[in-house]
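Please read it with the model open beside you.

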There are 2 protein chains.
Amino acid sequence: MRVLGIDPGTAACGYGIVRERNGRVKLVEHGWWKTPSRSRPERRLKTIFDGVGELIEEYEPDAVALEESFVGVDARTALSVGQARGAILVAAASLGIECAEYPPSSVKQAVCGYGRAEKAQVQRMVMAILGLRTPPTPQHASDALAVAICHALAPPLLKAAAG
Amino acid sequence: MRVLGIDPGTAACGYGIVRERNGRVKLVEHGWWKTPSRSRPERRLKTIFDGVGELIEEYEPDAVALEESFVGVDARTALSVGQARGAILVAAASLGIECAEYPPSSVKQAVCGYGRAEKAQVQRMVMAILGLRTPPTPQHASDALAVAICHALAPPLLKAAAG
């Protein structure tokens, strides 16, 4: 299966696509969108919406995976992240792709075997799992690859619960 | 000008369309979308995205107006409202319609002449301004009409600042 993982944000939104076969995961693509703060909010969100749509059309993932995180953020940040998530979820739904959400602890557990791993550990494990020589950059793309790996390797029941 | 006001929410999302001419505002349409909590988040957001798109195509508003509110809500609520806003903003941007955002105090000031008016006062003034015999229901639709009236009657400089 192919999974498109996304680390949602309006200013910087990371993405990473992985392919899983027989429990092994390979990197397909990763990157990020940046949108200028001087642009109107609806145009910034449309950049993300269009970007997600183009990735889905090009790579035909079976699912879009997101981290569900609102812990430790203020309402203003949560609203901004929520807007980016809305753009992403609608892009996926418009193309008939299912979305899965995982709490940060599940992503860390899946990638590091430990639900309270540090960000740097997650990045190193993403590199190791995908057999990369250098860490995937930027951090947003690495975070997106982590949630994509989490979904790709999740047991079927956990996958269903994340939908 | 015609304005589509929206009161964003995932479970219940209100909308109201008004037409302004020579400083007088008339009701064109109002209503709301409800989405069942048992549905997948991306499908619920797509209902809103499609609904906004259909209203824009049918009524051809010059702008979409939203209240910007994250004060007094927790991060989880802000994330959920943000997702609905993302779906709405992307729907507007996809059809080339500009969006404007007003803080709650500006909406109350525009409708009631007092920035700290109560919800019930706002609903009564919406009814009076639009010349209705009964208050527009549900509350979400009334709130959507209030922000639509705010944008329709806003002086040009305030309109530009809200974009």
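Is E60(A) buried or exposed? E60(A) is exposed, at a relative accessible area of 59%. Keep in mind throughout that this is a predicted model.

1. **The backbone at E60(A).** E60(A) is not a glycine, yet its phi is positive, at about 45 degrees. Look for E60(A) in the loop between helix 1 and strand 4 (63–67) of chain A. The residue also belongs to a charged patch: E54(A), E57(A), E58(A) and E60(A) form a negative surface patch.

2. **The backbone at E60(B).** Chain B has its own entry here. Phi of E60(B) is near 45 degrees, a positive value in a residue other than glycine. E60(B) sits in the loop between helix 1 and strand 4 (63–67) of chain B. That places the positive phi just after helix 1 of chain B. E60(B) counts as exposed because its relative accessible area is 60%, and the cut-off for exposed is over 50%.

3. **More on the negative patch.** One of its members is E57(A). E57(A) is part of helix 1 (residues 41–59) of chain A. Its relative accessibility is 57%, so E57(A) counts as exposed.

4. **A positive patch on chain A.** R19(A), R21(A), R24(A) and K26(A) make up a positive surface patch. Two strands of chain A, strand 2 (12–21) and strand 3 (24–34), each supply at least two residues of it. R21(A) is in strand 2 of chain A. With a relative accessible area of 61%, R21(A) is exposed.

5. **Salt bridges overall.** The next points take some of the pairs in turn.

6. **R85(A) and E101(A).** These two form a salt bridge, with the closest N and O atoms 2.2 Å apart. E101(A) lies in strand 5 (residues 98–102) of chain A and R85(A) in helix 2 (residues 75–94) of chain A, so the pair ties together parts that are 16 residues apart in sequence. Both ends are covered. R85(A) is buried, at a relative accessible area of 1%. E101(A) is buried too, at 16%; the cut-off for buried is under 20%.

7. **R85(B) and E101(B).** Chain B also has this pair. R85(B) forms a salt bridge with E101(B), and the closest N and O atoms are 2.2 Å apart. R85(B) is in helix 2 (residues 75–94) of chain B and E101(B) is in strand 5 (residues 98–102) of chain B, so the bridge ties together parts that are 16 residues apart in sequence. R85(B) counts as buried, at 2% relative accessibility. E101(B) is buried, with a relative accessible area of 16%.

8. Which residues are linked in a network of salt bridges? They are R40(A), E42(A) and E98(B). Within chain A, E42(A) bridges to R40(A), with the closest N and O atoms 3.0 Å apart.

9. **Helix 1 of chain B.** The helix length checks out. At 1.5 Å a residue, the 19 residues of helix 1 (residues 41–59) of chain B should span 27 Å, and its end C-alpha atoms are 27 Å apart, which agrees. Which residues of this helix are buried? Among them are E42(B), R44(B), L45(B), I48(B), F49(B) and Y59(B). The buried set also includes G51(B), V52(B), G53(B), L55(B) and I56(B).

10. **Cis peptide bonds.** Please look at the prolines at position 138. A cis peptide bond joins T137(A) and P138(A), with omega about -5 degrees. P138(A) lies in the loop between helix 4 (119–130) and helix 5 (139–153) of chain A. In chain B, the peptide bond from T137(B) to P138(B) is cis, with omega near -10 degrees. P138(B) is found in the loop between helix 4 (119–130) and helix 5 (139–153) of chain B.

Note on methods: Residues are numbered from 1 along each chain as its sequence is written. Chains are lettered from A and ligands numbered from 1 in the order in which they are written. This is a predicted model: local features need pLDDT of at least 70, side-chain atom pairs count only at pLDDT 80 or more; totals for chains, interfaces and linings use all residues. Side-chain values use heavy atoms; hydrogens and water are left out. A salt bridge is a side-chain nitrogen of Lys or Arg within 4 Å of a carboxyl oxygen of Asp or Glu. Helices (H or I, at least four residues) and strands (E, at least two) are DSSP runs, numbered from the N terminus. Buried means under 20% relative accessible area, exposed over 50%, partly exposed in between (1.4 Å probe, protein chains only). Patches are made of residues with over 30% relative accessible area and no salt bridge: like charges are joined within 9 Å, nonpolar side chains (Val, Leu, Ile, Met, Phe, Trp, Tyr) within 5 Å. Accessible areas come from the Shrake-Rupley method with a 1.4 Å probe; for residues, only the protein chains shown count as cover. Lys and Arg count as positive and Asp and Glu as negative; His and the chain ends are not counted. The place of a charge is taken as NZ of Lys, CZ of Arg, CG of Asp or CD of Glu. The expected span of a helix is 1.5 Å times one less than its number of residues.
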